[in-house]
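Thanks for coming. Please have a look at it first.

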Amino acid sequence: MSSKESHKTAEKDRISKGQKFAYGLGAIVNNLLGGAIGYMSIVLNVGLGINPALVGTLQAIPRLTDALTDPIMGYISDNTRSKYGRRRPYIFIGAIFVGLTFALMWQLPAGYSEMFYFWFFLIGSIIFYLFYTIFATPWVALGYELTSDYHERTLLMGVMNFMGQFAWITLPWFYAFMENDRFFSDSVQGARTLAIIIGVFVAVVGIMPAIFTRERFVADDKEVKVKTKFFAGLKKNIVEFSKGLMITIKRVEFLKLCSGTFFLFNGIMLVGAFSSYITIFYVCGGDTDLGAKYMGLFGTITTISTLAAIVAVTWISSKIGKRKTFIIATSMTMIGSILKWLCYDPMAPWKVLIPAPLIAIGMGALFTLMGSMIADVCDLDELETGERREGMFGSIYWWMVKLGMALAFGLSGFLLNATGFVVDFGGAQTSSTFFWMRIVDVGIPAITSLIAILSVASYKITEEKSYEIRSELEKRRIKIQTVEPLIQN
Amino acid sequence: MKLKKIITIKILIVILVLISGCKENNDEQEGKNSKGTKTIFITMIAKSSSNPVFLSAKTGAIAQALKISEKYSKLDVVVNWKTPEIENASEQARIIRNAMQDGTNAIIVSCSDIDSLTSAIDKAVDSGLPVMTFDSDAPDSKRFAFYGPDDIEMGKTLMNELAKLIGGKGKIAILGGNKEAPNLQERIKGIKKAASDYKGIELVGEFYHPENETEAVAEMLRVQSLYPDLKGWAMVGGWPMFGKELMNKIEPGKIKIVAVDALPVQLEYIEKNFAQVLLGQPTFKWGEVSVGMVIDKIYLHKKVDELIRLSPIPITLKNLGGWSRQLRAWGYEGIPEKYLIM
């Protein structure tokens, strides 16, 4: 085979459409759970009168617990040996309990103090995020191992990312739903009902990946289970966990992917608020209704473009490889970000919509290609260590994404103050403030996109390399399978 | 495989039951809505319908009414604009009396005169009609709330801005407009109070005049001839800048000018450095916030603060572009494009 020709996916490596769809349903649940609290938290302030600072604290604390629970869950899942697999039992149980917890944590009774609500919701959130981790970490890891084929992985991640977008389309409507006086007396009652609907949806749909997918690495029924004492086992697990964690975070190719994601994703997230502020206060002169209309249109165009980008990226990567596709897509985002400078025009507000499709390309490509590329890294890791650590890689990768998001939101407020923005002045900010707001909004994603491109530019697992790794792994597995029966006999 | 099929069928049944249950509930609710829509009529009485400041307030009130009507399916809010062509307190009082009988549910009013309107407001409130004031208050009336500037604070801001411009020393004068206007008197009080903190500043006096451009410019020139070393003007209104006459009579930047209000017609004074700071008022919000507060009180039965203060925005050359775009967004017309693209 010529090096310029891409490999064809063998029939045995293809994941059935049903399995892809079932796995994609997990993405809807995962994104819904990830975004729902953020979109519904406004009720805590507007409906129950909790101080916005306390609401912020309520959202920040579970991020700290995630830092611990995510890798632990990754380790537990990686090292689970059961006839149902390493991932599916957790996905099944996690989905049911996370749905139940979500429904319960929003059943906030009326007439209590601010601190009562704070503690009620905080405890609920911590339990919720624990079950969310139990569901999401094995679900992410499952995606990395459903197929060993370089291209089929991208196709799976494309389907997953495409389906997951539907959660992001739904989320912005939550507030309007909760506030709708046709259904509810107030937003708190709306939140209670919405939480039950989401909880049921999550529990019912979230178990689908557990039921309808097949794991590649299921423990043999004849596997010998060694009984150890509790503390000896715990000590051994802590040592193994720490060792695994260190190997994972030292894996250079993985770090390149983390860096690429961190800079591209958080660069865009960081200036998300800036784009809204500039559109409302600069382009629309403080007309919040007009600004909101353009932001809504921007969101719609972004969503449609993201869906189209996912399809295009999945196809292009099968022709030119994942790394090159990522670089092209991220370059589009960089161009789109720079284009914003010309498109913020108070005399023609509609121009703000022009960069939206370009910016969406990079974001559409990101979680399609990165999932697939991490799966390739897991193969390389297995080749060098003899262990499969999808759970550990997935948990660290997503924790990094979540932490980056939290940092981006925090830094965003700090940067807005640094530009001299005074909220009471509305559209009458100084020219210098608007200038710096635009510099940040255009400059940061342009620079972070460039860093993301540079991070991934030297990523070494090409299509050829990936097939070589796979071939080596398969030879090794055949060898183990032929030696093991001899040992058992 | 059989187990999977059974689970799938069960799940589908659960989803169908949930969807059909939700739909039934929606139909019930919609039936109620179609019968139970309530219309709230708010009579809006500003000082003068020929003043663009109040037309902007009207735009804000109507925008808020539409927004609330869209948000609440069982509510329609209608703003009835009933404002005299030129300032006339007795005409405002007559409109209030009429509103007590024409099906109005609430009144929002900017008072041209406290005495004439206090009794009219009290009668309306006694008859069960809630009244709120904006821009210019009747503080001893039974109105439930006031939304507008703190005039004493505004006067202090004027003085502090002027002191910065003249380096805290020199002679200054106050241009006072109508001596009988209580809000202007409050602003003058604020200026005097703040001026006492600057030892190097000498206040030569406050000067009143009929509230039009020609009379205001004439008074300025008279005072400047009396005090040739005058360093600055603190104007509690922007009357001399309501046309271009002043630009032909004074040298830009020689005497520093700080004034209340930053209407489109005044923007050129900032651009050409005749005036250095104008205190802009968010006039759109007079209507927008007032309508919102009325609905909070009479429909949502929320607790409403009696005094909501708006802060003036200092307009200088630095934010002339932003302020121009803000004025356009608030419904003002005739703003030159050169300011909008600044």
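I start with a pair of residues: Met235(B) has Ala259(B) as its bridge partner in β9(B). Before going on, this is a predicted model, where local features need pLDDT of at least 70, side-chain atom pairs count only at pLDDT 80 or more, and totals for chains, interfaces and linings use all residues. Residues are numbered from 1 along each chain as its sequence is written, while chains are lettered from A and ligands numbered from 1 in the order in which they are written.

Back to chain B. Strands β8 (residues 230-235) and β9 (residues 256-260) run parallel and are joined by four bridges; strands here are DSSP runs of E, at least two residues, and helices are runs of H or I, at least four, numbered from the N terminus. Two strands pair if DSSP finds at least two bridges between them. Both belong to an open, mixed sheet of six strands, ordered β7-β6-β8-β9-β10-β12. Its edge strands are β7 (200-208) and β12 (313-315), each pairing on one side only.

Now chain A. Helices α5 (residues 114-145) and α16 (residues 390-418) pack at about 120°, their axes 8 Å apart. Axes are lines fitted to C-alpha atoms, for helices over the stretch in contact, and angles run from 0 to 180 degrees between N-to-C directions. That angle makes α5(A) oblique to α16(A) (under 35 degrees is roughly parallel, over 145 roughly antiparallel, 65 to 115 roughly perpendicular, the rest oblique).
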